[in-house]
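Please examine the sequence and the three-dimensional structure shown below.

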Amino acid sequence: MRTVTEILQELKPGCDFEGSTTLIDDRVIDSLTMVALVAELEDEYDVEVPPVEIVADNFNSIEAMEMLVRRLREEELD
């Protein structure tokens with residue numbers, strides 16, 4: 001499986017995502033990138049990201065995205 005970092009690098013090559021906690025707030029990830037990112041995460045991790053989960057808190061950092069994916073995968077197993 002590709003990591004969240006690899007997906008982001010494919011979508012926005014050359015951006016420094018590591019350690020950033022304001023990817024949405026600083027507009028590193030814009031609305032078009034967000035649409036592509038959500039689709040990639042859903043395909044890669046076999047999860048469905050509900051619209052209610054598409055908020056800055058879940059996408060401002062790689063760590064937040066990984067936690068979101070982990071949580072969604074666990075919810076689908078329940």
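The paragraphs that follow lead through this structure topic by topic.

The coordinates are those of a predicted model. Side chains of opposite charge can pair when their charged atoms come close. How many salt bridges does a search of the whole structure find? The search returns five.

One of these joins the side chains of glutamate 44 and arginine 2, with an N to O distance of 3.1 Å. This pair links distant parts of the chain, since glutamate 44 belongs to helix H2 whereas arginine 2 is in the segment before H1, 42 residues apart. Arginine 2 also meets glutamate 10 in a salt bridge, here with an N to O distance of 2.4 Å. These contacts belong to a network of salt bridges that links Arg2, Glu10, Glu40 and Glu44.

Arginine 71 lies in helix H4 and glutamate 53 in the loop between H2 and H3, so the pair ties together parts that are 18 residues apart in sequence. Helix H4, which contains arginine 71, comprises residues 62–77. Another relation of arginine 71 is one of separation: its C-alpha atom and that of glutamine 9, 62 residues apart along the chain, are separated by 23 Å.

The loop between helix H1 (4–11) and helix H2 (31–45) includes aspartate 16. Phenylalanine 17 is also placed in the loop between H1 and H2. Aspartate 16 counts as exposed because its relative accessibility is 61%, whereas phenylalanine 17, at 1% relative accessibility, counts as buried. The C-alpha atoms of phenylalanine 17 and isoleucine 62 are separated by 7.1 Å, although these residues are 45 positions apart along the chain.

Helix H2 contains threonine 33, which counts as buried because its relative accessibility is 9%. The side chain of threonine 33 makes a polar contact of 2.7 Å with the side chain of aspartate 30.

Arginine 27 has a phi near 60 degrees, a positive value in a residue other than glycine. Aspartate 46, likewise not a glycine, has a positive phi of about 55 degrees. Arginine 27 is in the loop between H1 and H2, and aspartate 46 lies in the loop between H2 and helix H3 (56–59). Arginine 27 counts as exposed because its relative accessibility is 70%. Aspartate 46 counts as exposed because its relative accessibility is 63%.

Which residues form a negative surface patch? The patch is made up of Asp16, Glu18, Glu63 and Glu66.

Methods
Residues are numbered from 1 along each chain as its sequence is written. This is a predicted model: local features need pLDDT of at least 70, side-chain atom pairs count only at pLDDT 80 or more; totals for chains, interfaces and linings use all residues. Side-chain values use heavy atoms; hydrogens and water are left out. Patches are made of residues with over 30% relative accessible area and no salt bridge: like charges are joined within 9 Å, nonpolar side chains (Val, Leu, Ile, Met, Phe, Trp, Tyr) within 5 Å. Accessible areas come from the Shrake-Rupley method with a 1.4 Å probe; for residues, only the protein chains shown count as cover. A salt bridge is a side-chain nitrogen of Lys or Arg within 4 Å of a carboxyl oxygen of Asp or Glu. Lys and Arg count as positive and Asp and Glu as negative; His and the chain ends are not counted. The place of a charge is taken as NZ of Lys, CZ of Arg, CG of Asp or CD of Glu. Helices (H or I, at least four residues) and strands (E, at least two) are DSSP runs, numbered from the N terminus. Buried means under 20% relative accessible area, exposed over 50%, partly exposed in between (1.4 Å probe, protein chains only). A polar contact is a pair of N or O atoms within 3.5 Å; within protein, one must be able to donate a hydrogen and the other to accept it, and residues adjacent in sequence count only if both atoms are side-chain atoms.
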